[in-house]
Amino acid sequence: MTEAAQAVARVLTDRFNRAEREVLLRELGVSPEDVILRADTAGEQAWAIVAYFEHRARLDDLAAAVRHARPGALAAASTAPPTPAPAP
């Protein structure tokens, strides 16, 4: 995963609750059920969201939405230690 993907996942995990992650997905035109159906923890949900957007070459869209919802959070997350992706 890229540093940008790690930062987005970290912010989604630490600064958004489940309902806020679902609203963010809906605002981006994505059904939460299509992305985080099998994810139980905040970290698993965050990585499922990041993987979904990376696979569709839309990580920039997700990062922009995160920046809009939590100004400054991505910059702070970029300097923090990496959040490990959940095991498959």
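These legends describe close-up views of a predicted model. Local features need pLDDT of at least 70, side-chain atom pairs count only at pLDDT 80 or more, and totals for chains, interfaces and linings use all residues. Residues are numbered from 1 along each chain as its sequence is written, and side-chain values use heavy atoms, with hydrogens and water left out.

**View 1. The nonpolar core.**
The largest nonpolar core has 28 residues. A nonpolar core is a set of buried Ala, Val, Leu, Ile, Met, Phe, Trp, Tyr and Cys residues joined through side-chain atoms within 4.5 Å. Buried means under 20% relative accessible area, exposed means over 50%, and partly exposed is in between (1.4 Å probe, protein chains only). Which residues have the most contacts inside this core? They are Leu12, Val50, Leu62 and Val66. Helices H1 (3-15), H2, H4, H5 and H6 each supply at least two residues of the core. Helices here are DSSP runs (H or I, at least four residues), numbered from the N terminus. Leu62 touches Val8, Leu12, Leu24, Leu28, Ile49, Val50 and Phe53, not counting residues up to four places away in sequence. Contact means heavy atoms within 4.5 Å.

The buried residues of H5 are Leu59, Leu62, Ala63, Ala65 and Val66. Seen down the axis of H5, they fall within an arc of 160°, so they line one face of the helix. The arc is that of the directions from the helix axis to the C-beta atoms. What covers these buried residues? The cover includes H1, H2, H4 and H6. On the other side of H5, Asp60 and His68 are exposed.

**View 3**
Side chains of opposite charge can pair when their charged atoms come close. A salt bridge is a side-chain nitrogen of Lys or Arg within 4 Å of a carboxyl oxygen of Asp or Glu. The structure holds three of them. One joins the side chains of Glu22 and Arg18, at 3.2 Å from N to O. Both residues lie in helix H2, four residues apart, about one turn of the helix. An α-helix has 3.6 residues a turn, so residues three or four places apart point the same way. Arg18 counts as partly exposed, at 37% relative accessibility.

**View 2. Arg70 and Glu20.**
Arg70 forms a salt bridge with Glu20, with the closest N and O atoms 3.0 Å apart. Arg70 lies in the loop between helix H5 (59-69) and helix H6 (73-78), and Glu20 lies in helix H2, so the pair ties together parts that are 50 residues apart in sequence. Is Arg70 buried or exposed? Arg70 is buried, with a relative accessible area of 18%. Glu20 is partly exposed, at 32%. Leaving out residues up to four places away in sequence, Arg70 touches Arg15, Phe16 and Glu20.

**View 3. Arg21, a buried charge with no salt bridge.**
Arg21 lies in helix H2 (residues 18-27). Arg21 is buried yet has no salt bridge. Lys and Arg count as positive and Asp and Glu as negative, while His and the chain ends are not counted. The nearest side chain of opposite charge to Arg21 is Glu20, 6.8 Å away. Which residues does Arg21 contact, leaving aside its neighbours within four places in sequence? They are Leu12, Thr13, Phe16, Ala42, Gln45 and Ile49.

Ala57 is found in the loop between helix H4 (42-55) and H5. Most residues other than glycine have a negative phi. Phi of Ala57 is near 55°, a positive value. Ala57 is exposed, with a relative accessible area of 73%. Arg58 forms a salt bridge with Asp61, and their closest N and O atoms are 2.9 Å apart. Arg58 is partly exposed, at 25% relative accessibility. Asp61 is also partly exposed, with a relative accessible area of 37%.

**View 4. An aromatic pair.**
A search of the whole structure finds one aromatic pair. The rings of Tyr52 and Phe53 have their centres 5.5 Å apart and their planes at 70°, so the pair is edge-to-face. Rings of Phe, Tyr and Trp (its six-membered ring) pair if their centres lie within 6.5 Å; planes under 30 degrees apart count as stacked, over 60 as edge-to-face and the rest as tilted. Both Tyr52 and Phe53 are buried.
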